[in-house]
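Hello,

Here is the structure for you to look over. My notes follow below it.

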Amino acid sequence: MSKENNGIRAKVQKFGSNLSGMIMPNIGAFIAWGLITAFFIPDGWTPNETMATLVDPMITYLLPLLIGFTGGRMIYDIRGGVVGATATMGVIVGAEQPMFIGAMIMGPLGGYLIKKMDDLFRAKIRQGFEMLYNNFSAGILAAILAMIAVAGIGPVVSSLTNILADGVAAIISAGLLPLASIIIEPAKALFLNNAINHGILTPLGSEQALETGKSILFLVEANPGPGLGILLAFSIFGKGVSKASAPGAAIIQFLGGIHEIYFPYILMKPTMIIAVIFGGMSGIFTLQLFDAGLHAAASPGSIFPILALTPGNSYVGVILSIIIATAVSFAIGAFILKTSKDSEEDLAASTKKMEEMKGKKSSVSSSLTGEQENDVLETPVKDKTEVNKIIFACDAGMGSSAMGASLLKNKFKKSDIAIDVTNKAINEIPDDADIIITQKTLTERAKAKRPDAEHISVDNFLNSPRYDELVERLKDES
């Protein structure tokens with residue numbers, strides 16, 4: 001039964017990862033649209049009729065096409081992305097509202113079908129005709145998918161989107177949206193937060209924001225208040241390692257927007273889930289009370305992007321929602337900790353439990369435990385003269401790998417090492433990468449992608465001793 005549950009959880013997590021994987025790389029475009037909306041629409045900060053003409057085309061065409069391209073590329077690289085984006089154009093034309101859900105269907109479908117077509121025919125193409133086949137096969141398939149989408153898929157997805165939007169509107173009107181926290185807060189510990197936020201709430205919220213200029217849905221999951229309240233409770237009423245580590249975790253969670261860092265504290269005290277649920281519910285209720293929301297998705301869930309994307313008439317509601325969510329979560333969490341008779345909690349064990357539930361290593365939670373790594377370099381060491389580019393790779397190529405790359409850049413800068421350091425999604429590792437740094441669970445995938453590079457495995461992107469070792473090696477050889 002346990003194996004069955006693990007299998008189901010893994011499938012759900014993979015599906016959720018695929019959903020959020022189509023949205024997260026394009027969050028910058030969503031934020032750009034949100035900022036343009038915030039400034040230039042008639043009731044924006046600086047109304048401008050010319051600039052406001054960007055709003056509708058961006059949400060109608062740009063954002064769905066980016067999602068479709070990303071979805072196709074996830075399946076079959078650039079070739080899949082091109083077919084996926086072209087197929088997405090069909091659902092855009094065949095529907096009356098922004099086709100985020102349609103893009104999330106047609107993008108991967110286009111990538112999958114062109115991959116299967118290549119598997120069938122590419123080996124049979126005679127030498128010299130490869131380019132002809134590549135261009136026309138992709139073009140013909142993309143055209144067919146776009147036409148099918150216009151005639152059939154677009155209207156169907158449009159109807160489905162309308163049903164979902166009407167359902168969300170009915171829930172909000174009935175005042176039942178706070179109950180969503182009963183599902184969302186526990187789901188975070190299963191690493192489904194990105195799937196829920198970016199796979200479901202961001203598309204629906206963007207459509208709502210197009211009509212009203214803002215949406216409460218952008219803060220249903222991203223509100224940092226519930227997690228901050230938990231960490232403040234542990235900072236004051238916790239014991240041992242949990243109390244000592246909680247203040248630093250609160251900074252990472254609230255300012256850095258990395259919410260997963262508080263998950264081990266909940267797993268250590270499962271009753272604390274009550275605190276975050278009621279914290280989340282109170283935050284949503286406050287947003288409803290003040291009719292507040294954001295212009296666009298705030299990612300990561302840090303106070304800085306949240307405030308940057310808050311409309312002028314929503315600042316009171318948004319700020320109060322965070323404060324009240326924090327206060328409620330803190331009060332309940334403090335009561336649970338004060339009345340608990342347990343001895344000092346094992347934060348390391350809770351961290352490992354969280355990683356087992358997530359089915360992958362956490363990029364930040366191991367920094368709570370202070371554990372050191374026992375890894376060895378996975379491949380032969382490259383000479384200093386061979387190293388021009390170092391890549392940090394993770395699933396999405398965003399949060400955790402970006403933090404690791406930033407840390408190593410700073411170490412290189414202090415040591416006067418002029419080597420390019422950047423971060424990428426593991427499926428987008430460039431061919432000219434000389435050293436690739438990944439978490440243990442992703443090293444094999446990285447090696448398969450770039451077998452000729454040097455690969456370094458780490459447990460934690462935030463405090464790996466491998467960074468100092470690499471600095472010393474490259475510095476000594478310079």
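Four strands form an open sheet in the order 2-1-3-4, with parallel pairing. Strand 2 (420-425) and strand 4 (454-458) stand at the edges with a single partner strand each, so one side of each has no neighbour in the sheet. From one strand to the next, the twist averages 25 degrees. Strand 1 (residues 389-394) pairs with strand 3 (residues 435-439) in the parallel sense, over three bridges. Phe392 has Ile437 in strand 3 as its bridge partner.

Some terms: strands (E, at least two residues) and helices (H or I, at least four) are DSSP runs, numbered from the N terminus. Two strands pair if DSSP finds at least two bridges between them. Axes are lines fitted to C-alpha atoms, for helices over the stretch in contact, and angles run from 0 to 180 degrees between N-to-C directions.

**The source**

This is a predicted model: local features need pLDDT of at least 70, side-chain atom pairs need 80 or more, and totals for chains, interfaces and linings use all residues. Residues are numbered from 1 along each chain as its sequence is written, and side-chain values use heavy atoms, without hydrogens or water.

**The helices**

Helix 6 (residues 130-173) has a kink of about 55 degrees, centred on Ala149. The bend at a residue is the angle between axes fitted to the seven residues ending there and the seven starting there. Just after helix 6, Gly175 takes a positive phi of about 75 degrees. Helix 5 (residues 100-121) packs with helix 6 at an angle of about 150 degrees, and their axes are 9 Å apart.

Best wishes
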